[in-house]
Each structure stands twice: as structure tokens, then as C-alpha cells.
Amino acid sequence: MNRKWIIGAFAATMLLLSAPVYAAQPEEKAPAAQDNRMEDGGKHGHHHDGMLGKNREEHRMEKLRYMADYFGIKTDGKSADQLKKELEAAKQKDKAKWEAFKTEHKAKILEHLREKAKENGIATEGKTAEQLREELHKLHRMHHKGDLSQEPQRDVKQG
């Protein structure tokens with residue numbers, strides 16, 4: 001049960017960390033950032049099996065609403081595309097507020113990573129979000145490999 005919790009927590013952490021960072025990229029950097037995520041997504045796609053179809057759209061709307069709330073944009077009855085356009089306009093209009101949003105969000109991410117690291121016995125002092133993310137990922141891989149090595153061996157008859 002503890003391993004399932006760690007895997008779930010890790011997947012949730014990765015989703016929280018990857019999605020808002022993409023939204024925080026300026027327009028000219030967005031295509032390059034998207035390409036990198038596509039490459040990384042292939043390596044760890046099995047962690048995001050639940051994020052297909054409707055769940056993915058719900059998650060996207062949740063992120064857009066979170067950002068819209070910060071900027072004081074009403075979200076009722078608006079599509080993802082409408083919110084995205086309004087957020088882009090708000091970012092251009094008030095660049096200082098956008099920078100403050102990114103800073104605040106990065107701090108929340110770092111705090112979340114510190115909590116997860118402490119729960120898993122990982123020291124957090126002086127470590128960046130990227131370092132903590134990597135250590136949690138290593139721990140996850142160790143647990144994942146441990147699960148695989150404990151699976152019973154099956155006899156496969158060749159015919």
C-alpha cells in the first residue's frame with residue numbers, strides 16, 4: 001500500500017510540476033518547451049495513463065481556472081481557449097503580476113517537493129526543486145524495480 005501511495009504521490013507531483021511550468025513560458029519559448037515535454041513524456045508515459053481524454057481536459061481547465069483566479073478573470077461558462085486568450089492578454093498587460101505569479105507558483109512547487117521528500121526520508125536542506133524532483137524520481141524507480149523483482153516467476157512453455 002505504501003508503494004502505491006508513493007507512486008500516486010509522485011505522479012501527482014510530476015503533473016503539478018510540469019503543467020504550470022509550460023503555461024509560465026513566454027510565447028517565443030513555448031514550442032521548444034513543448035518539444036522537450038514530448039520527448040520526456042515517452043519515457044514515463046505509464047505514469048500518466050489516467051490523464052487521457054476527459055481527465056486531461058478537466059486537468060487543463062483546472063490549471064487555467066487557477067491562473068485566471070490569480071488574475072481576477074471570471075471563468076464561468078468559458079472554454080479553455082477563451083481562458084487561454086484572456087490569460088495571455090492579462091500576462092501582456094501586467095507583466096509584473098505575471099512574474100509574481102510565476103515566483104509564487106515556483107515557491108509552492110518547491111514547498112510541495114520538500115514535503116514529499118521529507119515524507120520519504122530525503123534531506124531537503126539547500127536543495128533546488130530540480131534536485132528534489134530527481135531524488136524523488138530515483139526513489140520511485142527503486143520502488144518500481146523492487147516491485148518487478150518481487151513478481152513471481154512464471155513458466156512459459158515454448159511450443
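Biologist: Which residue lies over the face of W98?

Modeller: Quick caveat before that: this is a predicted model, so local features need pLDDT of at least 70, side-chain atom pairs count only at pLDDT 80 or more, and totals for chains, interfaces and linings use all residues. Residues are numbered from 1 along each chain as its sequence is written, and side-chain values use heavy atoms, with hydrogens and water left out. A charge sits over a ring if NZ of Lys or CZ of Arg is within 6 Å of the ring centre and within 35 degrees of the ring normal. At 4.5 Å from the ring centre of W98, the residue is K91.

Biologist: How is the aromatic pair of Y66 and F101 arranged?

Modeller: Rings of Phe, Tyr and Trp (its six-membered ring) pair if their centres lie within 6.5 Å; planes under 30 degrees apart count as stacked, over 60 as edge-to-face and the rest as tilted. Here the centres are 5.8 Å apart with 55° between the planes, so the pair is tilted.

Biologist: How many residues apart in sequence are the parts that this pair ties together?

Modeller: Helices are DSSP runs (H or I, at least four residues), numbered from the N terminus. Y66 sits in α3 (residues 54-71) and F101 in α5 (residues 95-119), so the pair links parts whose separation in sequence is 35 residues.

Biologist: Is F101 buried or exposed?

Modeller: Buried means under 20% relative accessible area, exposed over 50%, partly exposed in between (1.4 Å probe, protein chains only). F101 has a relative accessible area of 4%, so the word is buried.

Biologist: Within what arc do the buried residues of α4 fall?

Modeller: The buried ones are A80, L83, L87, A90 and K91, while K85 and K93 are exposed on the other side. Taking directions from the helix axis to the C-beta atoms, the buried residues line one face of α4, because they fall within an arc of 100°.

Conventions:
Helix = DSSP H or I, 4+ residues; strand = E, 2+ residues; numbered from the N terminus.
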